[in-house]
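Thanks, everyone, for making the time.

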Amino acid sequence: TSAQIGVTGLAVMGRNLARNFARNGYAVAVHNRTAARTRALVEEFGDEGEFVAAETAEEFVAALERPRRLVVMVKAGEPTDAVIGEFAPLLEPGDMIIDGGNAHFADTRRREAELRERGIHFVGTGISGGEEGALNGPSIMPGGSKESYAALGPMLEKISAKAADGAPCVTHVGPDGAGHFVKMVHNGIEYADMQLIGEAYQLLRDVAGYEPARIAEIFRTWNTGRLDSYLIEITAEVLSHVDAATGRPFVDVVQDRAEQKGTGRWTVQIALDLGVPVSGIAEAVFARSLSGHAALREASRGLAGPAPSPLDETEAAAFADRVEQALYASKIVSYTQGFHEIAAGSEEYGWSIDLGQVAAIWRGGCIIRAAFLDRIRAAYDARPDLPSLLSDETFAREIAAAQDDWRDVLVAATRQGVPTPGFAAALAYYDALRAERLPAALTQGQRDFFGAHTYRRTDREGSFHTLWGGDRSEVTA
Ligand code: NBP
């Protein structure tokens, strides 16, 4: 038998992706370092479609029709290089290695360049949607050559999620590492979304005084409006869940220490390198780190906070509405920052990424899927050179309508001592962009004072320096 595609690495993601291909009518060769996983897959799900089980790398490669399409779904990092090292010598020019793991885009660029020399297409591919998405339709972000997409795209379109308008949630993002870069920023935005939702929850709990079950109801209501999204939906599920052992709200029995695997951190690290302010994503990553510093938190428990000032029922309900406004406005800012980073990466690496397409393929399948993304797509479709999402008229108008409530929520949070770094960073970004003058002028003055770093004037061209240690006259630098 000859298989149209092969999957090596059959842990949760690879197994479900292989089943997804098989269920869509493709013959799938399956392989895993530990052969027991391969046998288990065929035993358990063999009747879902056509699988070709391969025990060795040679058998696996031989089972594939040419040009070969070989999907690698192993742990990102060294395992990926090990698998490439094992398979590449068995491949021929024109064959494709599709890395569906969460690789760092810089690794993808290196691997792509190395394999290109040997005529092999390396397609670094972001896949979002977790286990469930891999099986029933993920959002897929392939990079690599145009040529490889021509041979692979139709299959990916078939197994991907579909947006509400039926469009497949996959596109050729751009060359080499573009796909993994966009997946990285997707995850960064996911961190920010989760942080903002977390802050909204904490405010509803500590300022409005609501119990988790009641807050779940509020999220359910929000999910029928402009915040309609997968993350809001599952938030309601988690908040309404009751722990069987104790009968208490599930959120109250889980340790409040958030973990992370690294894609959020990468998004911030790369943003620092590119000089793109992604303050919302950065605050989300820092908030997770802070939550994990148990000793530091323990040592700080006794620090002074404000006196509690509970709201009555009417005030609490009004406050909950304002939190929705603050959450929505902050979300717009998060996406503005994330898309700015994609635009900057695209510019830096010459990827020509279509931002509207990125929003379009995130509409279904992935963790940040949301009705909202269709509006981002529309904004970029209307104006592909949009300098920022905030310059889109619709978003600008919505923030204008939300801003008073957004500010009030931050006042309440500050007064009552509820940490809201995501909301606050988003508002600071918004106000900084709006500002006629920033204190950056003073910063430049300080830099010129202590380091003769020079400055530019508002009224004349050129670089200038003031003789701070002398008569304070100005010279041309
Ligand atoms: P894991 O990330 O847990 O990786 C397990 C797989 O890697 C197994 O098949 C294992 O083989 C194989 N492997 C390892 Br570990 N070292 C190897 C080596 N040196 N040579 C060959 N194979 C090796 O699996 P996963 O959770 O299914 O994720 C797969 C990829 O998809 C990862 O890169 C992950 O970041 C990415 N991803 C995951 C999700 C998610 O929701 N889990 C979502 C999106 C992307 P063995 O069976 O022989 O040990």
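Let me begin with a pair of residues: arginine 456 stands opposite serine 463, the latter being in strand E9. Before I go on, please keep in mind that this is a predicted model, in which local features need a pLDDT of at least 70 and side-chain atom pairs count only at pLDDT 80 or more, while totals for chains, interfaces and linings use all residues. Residues are numbered from 1 along each chain as its sequence is written, and side-chain values use heavy atoms, with hydrogens and water left out.

Strand E9 covers residues 463-466, and E8 pairs with E9 in the antiparallel sense over two bridges; pairing here requires that DSSP finds at least two bridges between two strands. Helices (H or I, at least four residues) and strands (E, at least two) are DSSP runs, numbered from the N terminus.

Now to the ligand. Which residues are closest to the ligand? Of the 20 residues that surround the ligand, the closest are Met13, Asn32, Thr34, Arg37 and Val74, where a residue is counted if one of its heavy atoms lies within 4 Å. By class, this shell holds eleven nonpolar, six polar and three charged residues, with Ala, Val, Leu, Ile, Met, Phe, Trp, Tyr, Cys and Pro taken as nonpolar, Asp, Glu, Lys and Arg as charged, and the others, Gly among them, as polar. Helix H1 (12-23) and helix H4 (78-87) each supply at least two residues of the shell, and H4 gives the most, with three.

As for individual atoms, an N or O atom in the side chain of threonine 34 is 2.5 Å from an oxygen atom of the ligand, and a backbone N or O atom of asparagine 102 lies 3.2 Å from a ligand oxygen.

Finally, is glycine 133 buried or exposed? Glycine 133, which lies in helix H6 (residues 130-136), is buried, with a relative accessible area of 3%; buried means under 20%, exposed over 50%, and partly exposed in between, using a 1.4 Å probe and protein chains only. Leaving aside neighbours within four places in sequence, glycine 133 is in contact (heavy atoms within 4.5 Å) with Asn20 and Pro138.

Key
Polar contact = N/O pair within 3.5 Å; in protein donor to acceptor, adjacent residues only side chain to side chain.
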